[in-house]
Amino acid sequence: MEQRLANSWRMTVNEKNFIQTALLSDLRIDGRGPFDYRNLTIQFGIEDGSSEVQLGQTRVMGFVTSQLVQPYRDRPNEGTLAIFTEFSPMADPSFEIGRPGESAVELGRIVDRGLRESRAIDTESLCVVAGKWVWSIRIDLHILDNGGNLVDAANIAALAALLTFRRPECTLGGEDGQEVIIHPPEVREPLALIVHHLPIAVTFAFIGNESRVIIDPSHFEEAVMGGKLTATLNTNGDVCAIQKAGGEGVMQSVVMQCLRIASVKAADITGKIKKAVESYKTKRDLKKIKRHPDSVDISNISKDMEKSKLELVKCQSDDMEIEGHSSKKDESSLRHSKHKALISGPSSWDPYSKIADTDELKASLASRAVATPNLKMDVMPPEKQQLNVKDESHRDADPSPPLLVAAEAREEKNKAKTLLDAVKPKHKRKKKNASNSNGS
């Protein structure tokens, strides 16, 4: 005891006066108002039934376990609920390992009274064999950091752990039918606890000579307060338990005011707990689907698959119809363009088209051969023009080759002779002169 008192933290007189003076102006050292709650964060562990709550700088971890035990004689059809607290020196130097102190005993009793007296948990559903075997639920609360108001944080941690806990399913078997068989989670899905309502603990502190009321006191404010009141309520406004500690007296009107404020805060905290539990359950269901795909209801999934397949088939048929209409339009436009190209000449003629006519082609070739203009050498030589015609006709289509040969012969005959053609080359003239001289 002496060592615990030596390690305990003590506040100076100036610090106490500063806190009391600030409350006269409705101000607190952390910037909150008299009835403002600190930020609440709820997290869950990997295993079911584990939670961690952070309320400001206060951190509490809750863990729920179960085992088969014999029931009490006066309640043979009901299971049991037990709460154990652990105050670690890591959370506060005044805490010691070993025998629990007054604060640890008080915290355990307040949480236990709120859950047990209000019958928040259905203990009759925990009975396996009446008078022989029932499930015993144990809640372990570990204080990780003491930042003030441990009761509220521990109560929230216990509720969050109970909502996520699942006990193994068991059946009766054996020769006499009284042997209890506990099934592992891989064989049968564990069962959740039946929780009727959530009793929320809300703590008020009374500071100063005028008994200024504040909610959710911090570690510094607990060192100054003259007394505190913890009210446990649910969302329906039912008062589950009330705990008054400290020597300072409180008027009845102040208690009623605290209960009205506590009912509002209880509804707010209940909403946060349910929201956090819902998110945890969705994650757990996803993990269950990955681990046990056979246990998922396949009927609904197969129906959804059939609906999606029908929708895909309809979409594909619609796409095919659209593509068919577009392809028909493309073919008609191509045929129309080919018909127009055939009128211009044989270079764009398609031998596979049904519109082409051989008589018209011959007439067009003959007219083109007759109407070929005389071109000058410096503009475009006739040989290149002929080569271009041959290449294009061979590339586009290869109609009857005799027609092209005849066209080329006609072009050569119908060529207009120039003065260069009339003048003989020099080598011919030299040979003629040489022959004349030899004859003479």
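How many bridges join strand β11 to β12, and in which sense do the two strands run? Four bridges join them, and β11 (residues 200-207) and β12 run antiparallel. Welcome to a predicted model, in which local features need pLDDT of at least 70, side-chain atom pairs count only at pLDDT 80 or more, and totals for chains, interfaces and linings use all residues. Residues are numbered from 1 along each chain as its sequence is written, and side-chain values use heavy atoms, with hydrogens and water left out. Helices (H or I, at least four residues) and strands (E, at least two) are DSSP runs, numbered from the N terminus.

**The open sheet**

- Four strands form an open sheet in the order β12-β11-β13-β14, with antiparallel pairing; two strands pair if DSSP finds at least two bridges between them.
- At the edges are β12 (212-215) and β14 (239-246), each of which pairs on one side only.
- From one strand to the next, the twist averages 20°.
- Strand β11 is joined to β13 by seven bridges, and β13 pairs with β14 over seven bridges as well.
- Alanine 205 has isoleucine 214 as its bridge partner in β12, and alanine 205 also stands opposite lysine 228 in β13.
- Leucine 229 stands opposite lysine 244 in β14.
- The hairpin of β13 and β14 has five residues between the strands, and glycine 237 there takes a positive phi near 90°.

**A covered strand**

- Seven of the seven residues of β13 are buried (under 20% relative accessible area, with exposed meaning over 50% and partly exposed in between, for a 1.4 Å probe and protein chains only).
- Gly227, Leu229, Ala231 and Leu233 point one way from β13, while Lys228, Thr230 and Thr232 point the other way.
- In a regular strand the side chains alternate between the two faces of the sheet.

- Helix α4 (residues 150-164) lies across β11 and β13, running at about 175° to β11.

**Nonpolar cores**

- The largest nonpolar core has 60 residues, of which Leu115, Ile139, Phe204 and Ile273 touch the most other members; such a core is a set of buried Ala, Val, Leu, Ile, Met, Phe, Trp, Tyr and Cys residues joined through side-chain atoms within 4.5 Å.
- Helix α4 gives the most to this core, with 11 residues.
- Leaving aside neighbours within four places in sequence, isoleucine 273 is in contact with Ile42, Ile156, Leu159, Leu163, Leu198 and Ile200.

**Aromatic rings**

- There are two aromatic pairs, under a rule by which rings of Phe, Tyr and Trp (its six-membered ring) pair if their centres lie within 6.5 Å; planes under 30 degrees apart count as stacked, over 60 as edge-to-face and the rest as tilted.
- Phenylalanine 44 and tyrosine 280 form a tilted pair, 5.1 Å centre to centre with 35° between the planes.
- This pair links strand β1 (residues 40-44) with helix α6 (residues 252-291), its members being 236 residues apart.
- Tyrosine 280 counts as buried because its relative accessibility is 11%.
- Phenylalanine 87 and phenylalanine 95 form an edge-to-face pair, at 4.7 Å centre to centre and 85° between the planes.

Methods: Axes fitted to C-alpha atoms, helices over the stretch in contact; angles between N-to-C directions. Contact = heavy atoms within 4.5 Å.
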